[in-house]
Amino acid sequence: LLGFFSELEYSKFSFKKHLHEDSKLFKYLKYSLILLFLLIVVFNVVNYDQTKAYDYDLIYWYIQGMPTQIPTPEQNPTYYHPPLPYFLPSLIDSLCDSIYESEDSKICDKYWHLGSGAFQAVLFFGSALIFFKIFKIINGNKKISEKSIFTFLLLFSMPTVSFKTFAMIRAEPYLVFLSAGLIYLVIKSLSTQQVDLRFFIKSGIITGLLLLVKQSSLFIFLGLIPSLFFLYRVSRLSIKKYTFYCLISIIFAFSIGGWFYLYQYDNYGSFGSIPRPKAEFSFENHIDGFYSDFDFNEVISSPIKYHKEAKLLQIMYVDIWGDYSGYYLWDRSFFDDAEYVESVNNNLSRLILFSFLPTFVYIIAFFSIFYESFKNAFSKKFLKQNYIILTLIFPIITVLFEYLYFITIYPYYTDGSYNVNGDTIKATYILPAINLISTVSAYYFSKIEKSKNNITSIILLVMYGFLILNIGNYFAKI
């Protein structure tokens, strides 16, 4: 958090006289957002009931076997999860068990919940700081205005899914933090044109850790493959030396994270087995309208689970801005209570309605930068800047397409019946892409700040007003 404050202070910019009051306003709003960050994250660490999180029972038993044993399919359906995110909780739990050997096990559960939650709070602020550093680099590493800093903080914090994800003891907070660190390393080297052995060793270490976090980290790497070409172009290395350094990075990555996948292959005949029936890739695996339907009225009037038919865009939209499945803002165990469900719908309807504006802003900003980058892809004038922007865009594309591929080939429950509720549709799974989109969108605003200052100020202040009106829905309610 201190590093975050220090970085923001360093980024102050002296506006011309006629912009001074505007700058002062956004400075105060900037600090209000940082304070809100702090309050929400600390509140969630202390108050969130981890037993209500995604797949808590499965994660609980995974942690009980750690740090010495990875579960088998017979012991736990999450046997295919890499172990790194569960290592710290298991250490805290094991230490506690050695102290309170004859006491109620719930005492130790409370300690590892709290300790792991606190560590993930550190990962949250660390991720925010890294994304801010990325934002600075794509702005040319110049000192940026208070308004641009505020823009980044606002767009980074508005999706509820960020706070929801980091509140739960899961793999995704580690995935977000480490993938942000890897992307930052790459674009920093592109910016400074310093591509040396240290860069490849650091990249190999982070890649190895990512392999131990989640199998889907592979698609972050796929998105960064074009960066290998970009890095070579800006480096002063010969092709032979560059290839040798790449091999060193691969060796580091494989030495740290490769063992888990060899273990999976040796025991289960696959590097990435999942305990669900797998189908051939076909959009006909799901019902008609699954990929394209979006019922505006249903989204507003009933923004929670369970509808008769799962709809990808509809569920994903609600889960990004609200809590479709009842793991954060409402308790799904009370779903049969009609009065409770009505109160939840009334509360979340306003949040979901207000979220159409920031959704529109993200879409316009992202596709504007996307179009500009590909239009200038071969322009020597914008060569280095384009390499940096494309390094952010490609991982977004690969993560989103990987997720689309995943839900298409796994349309069934473990018992083979059709997944009518769409329980694999969760915004948490694509959070690295959402954070990158937020960062790119903030960059778009900083680009047009001078030419469209009044318009952007109004849009930002309206979105800030929406955030304040809905501030209660950023704090965990279970």
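How many of the residues of helix α7 (residues 160-167) are buried? The answer comes below, after a word about the model.

## About the model

This is a predicted model, in which local features need pLDDT of at least 70 and side-chain atom pairs count only at pLDDT 80 or more, while totals for chains, interfaces and linings use all residues. Residues are numbered from 1 along each chain as its sequence is written, and side-chain values use heavy atoms, with hydrogens and water left out.

## The chain as a whole

Let's start with the overall picture. The chain holds 18 helices and zero strands; both are DSSP runs numbered from the N terminus, with helices being H or I of at least four residues and strands E of at least two. Its C-alpha trace spans about 65 × 60 × 55 Å along the principal axes. The radius of gyration is 23 Å, which agrees with the value near 23 Å for a compact globule of 478 residues. That radius is taken over C-alpha atoms, and the globule rule is 2.2 Å times the number of residues to the power 0.38.

Of the 478 residues, 55% count as buried (under 20% relative accessible area; exposed is over 50% and partly exposed in between, with a 1.4 Å probe and protein chains only). The chain exposes about 21800 Å², and carbon and sulfur atoms supply 63% of that area (Shrake-Rupley method, 1.4 Å probe, with only the protein chains shown counting as cover for residues). Among contacts with a separation of 6 or more, 78% join residues 24 or more positions apart; a contact means heavy atoms within 4.5 Å.

Now for the opening question: eight of the eight residues of α7 are buried. They are Thr160, Val161, Ser162, Phe163, Lys164, Thr165, Phe166 and Ala167.

On a 1 Å grid over the protein atoms alone, a cavity is a set of points where a 1.4 Å probe fits but cannot get out, and a pocket is an open set with protein on both sides within 12 Å along at least five of seven lines; lining residues have an atom within 4 Å of a point. The largest cavity has about 70 Å³ of space (grid points are joined across faces, edges and corners, and the volume is the space filled by probe spheres set on them). Helix α5 gives the most to this lining, four residues. Phe163, Phe166 and Ala167 are among the lining residues.

## The second largest pocket

This pocket has a volume of about 990 Å³. It is lined by 27 residues, and Leu313, Met316, Ile320, Leu400 and Ile437 lie nearest its centre. Two or more lining residues come from each of α13 (312-321), α15 (356-375), α16 (383-409) and α17 (431-447). The largest share, seven residues, belongs to α16. By type, the lining has 25 nonpolar residues, two polar and no charged (Ala, Val, Leu, Ile, Met, Phe, Trp, Tyr, Cys and Pro count as nonpolar, Asp, Glu, Lys and Arg as charged, and the others, Gly among them, as polar).

Lys30 sits in helix α2 (residues 20-47), and Lys30 is buried because its relative accessible area is 0%. Ser441 lies in helix α17 and counts as buried too, at 0% relative accessibility. Beyond neighbours within four places in sequence, Ser441 is in contact with Leu155, Tyr362, Ala365 and Phe366.
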